[in-house]
Structure formats: structure tokens, C-alpha cells
Amino acid sequence: MTTAITILFFGIAYGMILYLISVGLSVTMGLMNIVNLAHGVFAMLGGYITVTLMNHLGVPFLLALAAGCVLVAILGFVLERLLYRHLYGRSELDQVLFSIGLIFVSAALARIAWGPLAQPIELPDYLKGQVEFLGLELPTYRLALVGFGFAVIAGLWFGFDRTLFGARIRATVNNREMAQSVGIDTDRLFALAFALGTGLAALGGGLGADVLAIAPTYPLQYIIYFLIVVAVGGLGDIKAPFLAAILIGLADTACRYFLPEVGAIFIFAFVFVVLIWLPAGIMQWRRS
Amino acid sequence: MGIPAMISRRLFGIAFGTGAAVLLAGALQAQAQTVKIGVILTYSGRDAALGEQIDRSIDLFVKLHEKELPQGVKIELIKRDDTGVNPDLAKRLAQELVLRDKVQILTGGQWTPNAMAVAALTKEAKIPFVTMTAGGSAVTLQSPYVVRTGWTLWQTSYPLGEWAAKQGWKNGYTVVSDFAPGHDGEAAFTKSFTENGGKIIGSVRIPLKTTDYLPYFQKIKDMNPDVVYVFNPGGPQATAFMKAFDDVGITKSNIKLIGPGDITASDELPNMGKRALGVITMLQYSPAATRKANVDFVAAWKKEYGANTVPNYFAAAGWDGMRAIFDVIKAQNGKIDPDATMKLLRQWKNPNSPRGPVRIDEHGDIVQNLYMRRVEEKDGVLANVEFATIEQVGDPWKVLNKK
């Protein structure tokens, strides 16, 4: 029983890491319909800013995390105005080529600035080791990740489903011309949504840095995880990637505990089967 | 910024190798004998830190010993990046180095899968290949043109199994990275541990690209063995392993962690912190060793790369590899004959390596002392402190499988 609960917890914690690094993509790709493969770039940058502030300036972890999130969101806003704006309505191939190009450029820049090595991160003492929780000894860092993940999904759900800002975004995504004609400033709205997506990516990069190491190869190395979560979740919904990430985290963790000899193949086989069954992601199953 | 400078130096090296050398070679050939050495290492990605250790060792050796080369003999290093475990790329790079750049000696060989691919190629190309840190036993069997200056996993794990069993530990568990050296380490430890009365109650192989180790380690904790044999290829992965052991609470339990020295690599100890205290490992090199050759080596390293950098066992293997290459160049006065070179390399010895006395045996494998070390805190700094020595160990696998 203890084993089952521990595995459940590890699965959710791992899913939460996947969710935190992918949730930004579900905003830019899922809501704004831009195929933004360069999502990892913003996560990487958030990670770099967090780690650099901590290691070189002694900034506390949470403050460094917030700084990374805000700085990258500002950069996202600027990039949206300068570059991404031109991609709305262009073909998916154009968007893919553009964002892959951006990955290569930013990986090279990161390498010049921080070197090719992975950045070590030392978590603050209150996130190290284990805590007693419901009679179980659980790793503190993972528990904090789970807490963060739930806070983020709650915040996003509230933001998109219950505020005027969210309603405007949903309206703009559904029908841009109509939204404009009722007086919504769609340009500004998309820039803000994009900044939000990149800020979330940076948050995920910083929070997950202890598990997914920050190095110039980050955007390409983990692109598969972002895409799996968004593909299994399906587009156009803010809660679906959350369910998808938890599902993948649980399945992968259970496999590694009970069937370690299957190795890395399992997760891909799992996604394969899910997508054959539900080509548009798990939201399709919920709708039907 | 040291690293950008290093990159530009490397880029210059590459540019020099492919472009300028072609132009200059003709003009200079009359006066100078240039020996071209192809170096294939991991210069980018998660495990670039390990490649950097070897690369720095090579550069430092050349800088300090270039003047020892015979009159008119020069060496030229042509460096290539294999980006990690990637045998196809390593093979292609080796092909280009041999066919286009006309290198006379190949070296590097950081990863076993890559070294296997390159070694297979040297059999046809007849190019001597000094593999520095690949630890899979089979590498030196791939071709008569390969020698190894690093270590094998059998070397560091076979004696360890016996030692562990003699501590009275009955139940063992093995957890290794899922690639050739990991399989070797698992087999070596299992064999000697069970031969000496121990029992393996579980084993797991973790894919190299894994980022979340907790499920594997939770299972170990649930099985509650006396001792866990661990292998990973060192570098950032070693720290990730140690953090995960700590996260599931194994470091604070009665379960002992042991393994080859990779798992507590000295350069990663500061990142691991106190989690690593008490872990017992077996390895051929520790920068904390006090023999003179090592003290000089570490001092030269710190002078070149900064006081807070430490050469690890990858660096020591690269250092001896370069020493061997220099010795065969000197012995042949810069005219490299592949078969004569291999004959020299298979008899090569160095009584004064930073690791102590080393030599290469008839299998092309290194024979060296192995040291038992425990992670301890000395003056507030973590170090692998040596507490026992096993003299002059060859590759046990070759000995056990000798017909």
C-alpha cells in the first residue's frame, strides 16, 4: 500500500515537472495557434537566469525564480512584437522553420554566454531531503513541485475561465475578426498572452532545473517532452495538458518501478497508442 | 571568461587543421615533420564537462612537454566533437580525420560505444588509436590498433565485489547506466560478490537519457539490501544520482552505496555536498593523492586553469594517453609507422604517472594500482580519501576469459 502511494506520488511529481515545462506551450500553441517549437528556449533562459542569480549573486531561490519568470516574460513580449507577430496566419511550415531556427540561434548564444556545460544548481536547504507527509517520507522538492503545479493550474484556470482577460483571449482565438470588431485590442492581447506563455516556460525551466539540467542543448533535448504533453493533451484547452502530463508521469513512473527492463521505450509506445486511439488528444475522449 | 576563450581556441584549432595546414604542409614538409593527431571527445551537451577534463589534460601536456619532441618534429591536434554517446557520429568523424585530414594517430575515445565504432575503423585504416577513458572491456578486442590508458569497469568493480562480500554484506543490489561499461560493471561486481558468498537480490539498468531516477531508487529502498553497487559515467549524472539517492532517503539509511570512483567523481563532490559522505568507491586516481608526480600534475593544472578547478580521473587518463603518444613519437623520431607504433605502445610503461606506476599489457589494456576511497570531510572540503591499495591490477575480464 505504501508502495502504491509512493509511486502515485512520484508519478504525479514527475508529471508536474512535465506540466510546468509544457504549460507555457499549451498557451502559445494551444490557444494562440502558433507552432512554437522554440518553447524550450524560454524555459532554458529562465533556468539560466535563475541559476546565475543564485550561484553568482547569492539571490534566494524563489526570488531568482520570480526574476527569471518576469525577465523572460518581458523578452517574450518584445519578441512577439518583433518576430512572432509576423507568423500569425502563416503556414505551419513557416512557423516550424522559424522556431527551429530560433532554437539554433539561442543555443549558440547560450553557449557563448554560459559555455557548453550543464549548470549546477544547489536547492535551498528547505527543499532538500525528505518530509513526513501523511505518514510517508516524501522528497521535499517533489512535494513543492506538486504544490507549485496545482497553484499554476488553478491560477490559469481562474485566469482563462473566470476573468475578462481570459474571455477576451478565448474570443480572439475563436474568431479574431469578430473580436476586433467588438473592440478588443487583439494585438496587445496576443502579446500579453505570449508573454504569459514564455514566463510560464521560464518558471518551469527554473523550477525543474534540478531534474532537467540547464545546458545549451536544453531546447532540443527536452522538446520531445513538451510536444508529447501538448500532443496527448490536445490543442485549445488549458486543462488538457495538465491531465496529459499527470497521465504520462504516472505511466512512466509505474513502468520504471515495476518493469525497469522495458526502459525508455515505454513512454513512446504509450504515446503512440494514445494517439492512435485518440488522434486529437485526450480532450477528444472527454468530449465524446 | 575562460570558456569562450577555450572555444575560440578550439575553433582556431579546427580551422587551422582543415585550412591552413593543407597550404602550409607542402611548404614546411622539407624542414619539419608534423605528426597529426585526431582527437574525438565530447565538447558539447550534458557530458561536455568530462570531455573538457580530457581536453584540458591534452592541451596542458602539450604545452608543458612540446619542447621534449625531437628537433624538427611538431605535433598538430585536430579536435572533433562527438556530442555524447553517438557511435555513428564518432565513426564518421574518425573517417573524416583519417581520409581528409590524414591523421596518423587517433585518440580521445571518451565513451565505450564511440570507441568501439572508432576501433573497428582503425582495423581497416591501420591507424593507432589511444583510447583514453572508454571503460568497456571489449574495446581493446576490436582491433590490433587499439590501446587503452584509462581503466576498465572490470578493473574497478571485480575487486570491489570481493571486498564488499568480505565486509559481511549478504544482500546486494546493482544499479547501472544502461550501456556497455554499466553492463561490464554489473557483471564484474555480481561475479565476485556471489563467488565470495554474497547474493544479488535485484538489479536495474537505467537508460542514459533518464532524468528522473526516483522510481528506480524507491524500489531499491523497498527491497532494503545491505549494499548497492552503483555505476554511472560520472559528471553531472553522478550528482543527479546522488541527489536522487538522498531524495528517497537511501543516504540516511543503513544501505551502503559503493561503486567505481565515477559515482563520487572529485570534480562533482562540491555539487553533491554532504549527501555523498561515507560512499565507498574504488578507483585508480584521486587528485588528493600525495605522490610527487600527482602533486606536480595538480599544481600545473591549477596554475593553468584556476585554483578552484580539479583534474579528475578522466584528466589523469588523458594525461597518460598523451604521455604514451609523445613517447612513441619520440621513439620513432616523428615518422609514425602503425605497426611499430603498436609494438611500442603495448610495451609502454610509466613508473611515475600521477596515478602511480602504470603500464600497458599485451591486450593493450592498462595495468595500474587501484585505491579504495571513502568520501570524507577534510577541513570543510569533501574528498575521496584513499584507505587501501590493490597493487597492479590488469583487466580481470581478459584474465578470466583467457583460454
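Modeller: Two strands pair if DSSP finds at least two bridges between them, and helices (H or I, at least four residues) and strands (E, at least two) are DSSP runs numbered from the N terminus. The model is predicted, so local features need pLDDT of at least 70 and side-chain atom pairs count only at pLDDT 80 or more, while totals for chains, interfaces and linings use all residues. Residues are numbered from 1 along each chain as its sequence is written, with chains lettered from A and ligands numbered from 1 in the order in which they are written.

Biologist: How many bridges join strand 6 of chain B to strand 7 of chain B?

Modeller: Strand 6 (residues 171-177) and strand 7 (residues 199-206) of chain B run parallel, and one bridge partner pair is Y173(B) with G202(B). The number of bridges joining these two strands is seven.

Biologist: Which residue in strand 8 of chain B stands opposite G172(B)?

Modeller: Strand 6 of chain B is also joined to strand 8 (residues 227-231) of chain B, in parallel, by five bridges. In strand 8 of chain B, the residue opposite G172(B) is V227(B).

Biologist: How many of the seven residues of strand 6 of chain B are buried?

Modeller: A residue is buried if 20 or more other C-beta atoms, placed from the backbone, lie within 10 Å of its own. Strand 6 of chain B is largely enclosed by the rest of the structure, because the number of its residues that are buried is six.

Note on methods: A residue is buried if 20 or more other C-beta atoms lie within 10 Å of its own, exposed if 12 or fewer, and partly exposed in between; C-beta atoms are placed from the backbone.
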